[in-house]
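Please keep the sequence and the model in view while reading.

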Amino acid sequence: MSVQTTLDINAIREQFPLLDQSINGHRLAYLDSTATAQKPLVVLDAMDRYYRTINANVHRGVYQISEAATEAYEGTRRTIGRFIGAKSTKEIIFTRNATEAINLVAQSWGRANLQAGDRILLTVSEHHSNLVPWQLLAAQIGVELDFIELDAQGRLDLSKLEQLLTERTKLVAMTHMSNVLGTINPVEQVIAAAKQVGALVLLDGAQSVPHIPVNVQALGCDFLAFSGHKMCGPTGIGVLWARRELLEAMPPFMGGGDMIKRVGLRESSWNDLPWKFEAGTPAIAEAIGLGAAIDFLNGLGMEAIHERERQLTHYAWDKLSAIDGLTIFGPPAAERGGLLSFTLAGVHAHDVAAILDTQGIAVRAGHHCTHPLHDIFGVPATVRASFYLYTLEEEIDRLAEALVLARDTFQL
Amino acid sequence: MDDLYRENILDHYRHPRNYGELEQATIVQHEHNPLCGDQLSIYLLVENERIVDVKFKGKGCAISQASASMLSEELTGKSVDEAKAFDKQTILDLLGIPIGPVRLKCALLSLKTLKAGLYGVNLVDDDEDSL
């Protein structure tokens, strides 16, 4: 059965060679794009072409291929800037991933601007990547952490937002889209309230930027972190966007080559933005691959991708909620991105995933880097199925059938 | 479907042997597997260097709990030295199914808990990268 979409899913799937394989005698159904997305040929080709034709270090060589490499690397910065609505390429800092981008903000901005007794507001549904860096900072300089809790349906409970935002609250750091509940959080409301008390807002865009249109000017956030590998790009490349005046005032995160202007034996001065934050030889091929991934996503249209995932999520919600013993966590399909986390009564998440694997279906089982959230649910682990632009309704049908098989195997 | 959920594994999971607590236990050991959140407690009653009674309690996947159930049967009546000689292969033989690297931690949680209880320290190296 198929649902109307403006995207030609079969043509899209031709771009993803990995999807065309058998696992345990079944066609692979890859339902773990929230962990990492598959890579289209245009990304593989762009990286391959870089290594075959212009591999050279950037920002140094006066010879032709080094200039070409620099141009390709810096060109990606423009692509990314336009993609998220940045005002300048100076606001686009390459990192390894969203995790490193958040650590950069914690250690550079946090240490320079916060003091003991200042407060940072988070949510209980944060990925460990947007929780542990703040715990480290709290241990280092004595800032206090506060948390927005969830309501019974797994939405952020914003009823106490005004009390949580105190005059000592200097930063709100929250996920734009939950990697477990799939909730697209009402960040505009939080940002507006944060501004009332003069707090800055960091958005963890690891799940939102690959799946929905994100414009930093429209949102009004101050920092945005995301990873390339979740948006059809390679691993090892991520982005921190921040407003230029914030970055100008922030000290370097790591020291080394390329981030300096002048180096003496006992002191140095820093390079201009964005290179001040990019010490050492960067992930050049990966940056170029990410640029190709964004061109690919733009070619399809982020609005169309989001719409397609909405269809898939509704489709999956209907199929899975009809299975006896299956509990889906989080708000209704209309408030989510393309993922569902669930438990199957009496069958441990790892056993569910192992049985799905025998049917060629790849899902995530575990706590998805959100221990506190699973403690709140009172379950040690959940199964998560997540969708992307190449997901077929037929794969969701197979998921539902295999879940019934898992339940029947355990006969509980 | 496949070997992983052979009937005897499911049987031990559904009807774990020696399940519960042992009030008069001489050795009590709790361990968990942070990767999956599997939890296991083993209770041993040791008299004259011999394990005369075994109970266990736990929460987790079928592999981890079946492994503990099977081990508890195997342990009853063994001397402490015999129990100390149990190793990775003992558990794999009990389970009798192929265990991939990811599920090895689930399968060996019971052994890890046993050894920690017998020696007072964790001696089980369940890392696949050990040489």
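Helices (H or I, at least four residues) and strands (E, at least two) are taken as DSSP runs and numbered from the N terminus. The model is a predicted one, in which local features need pLDDT of at least 70 and side-chain atom pairs count only at pLDDT 80 or more, while totals for chains, interfaces and linings use all residues. Residues are numbered from 1 along each chain as its sequence is written, and chains are lettered from A and ligands numbered from 1 in the order in which they are written.

Five helices and three strands are found in chain B, and from the N terminus on they follow the order α-β-β-β-α-α-α-α. A residue is called buried if 20 or more other C-beta atoms lie within 10 Å of its own, exposed if 12 or fewer do, and partly exposed in between, with C-beta atoms placed from the backbone. Of the 131 residues in chain B, 41% are buried. Two residues are in contact if their C-beta atoms, placed from the backbone, lie within 7 Å. Among contacts in chain B between residues at least 6 apart in sequence, those joining residues at least 24 apart make up 59%.

Helix H4 (residues 88–95) of chain B shows how one such element is placed. Its buried residues are B:Ile91, B:Leu94 and B:Leu95. Viewed down the axis of H4(B), these residues fall within an arc of 95°, so they line one face of the helix; the arc is that of the directions from the helix axis to the C-beta atoms. An α-helix has 3.6 residues a turn, so residues three or four places apart point the same way. The buried residues of H4(B) pack against helix H1 (7–14), helix H2 (62–75) and helix H5 (101–119) of chain B, whereas the face turned away from the buried side carries the exposed residues B:Gln89 and B:Asp93. Just after H4(B), B:Gly96 takes a positive phi of about 70°.

Between the two chains, 13 residues of chain A are in contact with 12 residues of chain B. Helix H12 (349–358) and helix H14 (393–410) of chain A each supply at least two residues of the side of chain A that touches chain B, and H12(A) gives the most, with five residues. That side of chain A comprises six nonpolar, six polar and one charged residue. Here Ala, Val, Leu, Ile, Met, Phe, Trp, Tyr, Cys and Pro count as nonpolar, Asp, Glu, Lys and Arg as charged, and the others, Gly among them, as polar.

Within chain A, helix H2 (residues 41–54) and helix H10 (residues 284–300) pack at an angle of about 145°, with their axes 8 Å apart. Axes are lines fitted to C-alpha atoms, for helices over the stretch in contact, and angles run from 0 to 180 degrees between N-to-C directions. The residues making this contact include A:Ala46 and A:Tyr50 of H2(A) and A:Ile288 and A:Ala292 of H10(A). The residues of the contact divide into 12 nonpolar, one polar and no charged.

Helix H11 (residues 302–321) of chain A also has a buried side. The buried residues of H11(A) are A:Ile305, A:Arg308, A:Glu309, A:Leu312, A:Thr313 and A:Ala316. They fall within an arc of 140° when seen down the axis of H11(A), so they line one face of the helix. They pack against H10, strand E14 (339–344), strand E17 (382–386) and H14 of chain A. On the face turned away from the buried side are the exposed residues A:Glu303 and A:Asp318.

Some backbone details remain. Most residues other than glycine have a negative phi, and most peptide bonds are trans. A:Asn24 has a positive phi of about 50° although it is not a glycine, and A:Asn24 lies in the loop between strand E1 (22–23) and strand E2 (26–27) of chain A. B:Asn48 likewise has a positive phi of about 50° and is placed in the loop between strand E2 (38–47) and strand E3 (50–59) of chain B. B:Asn48 counts as exposed because it has 7 C-beta neighbours inside 10 Å. Finally, the peptide bond from A:Leu273 to A:Pro274 is cis, with omega near 0°, and A:Pro274 is found in the loop between strand E12 (268–270) and H10 of chain A.
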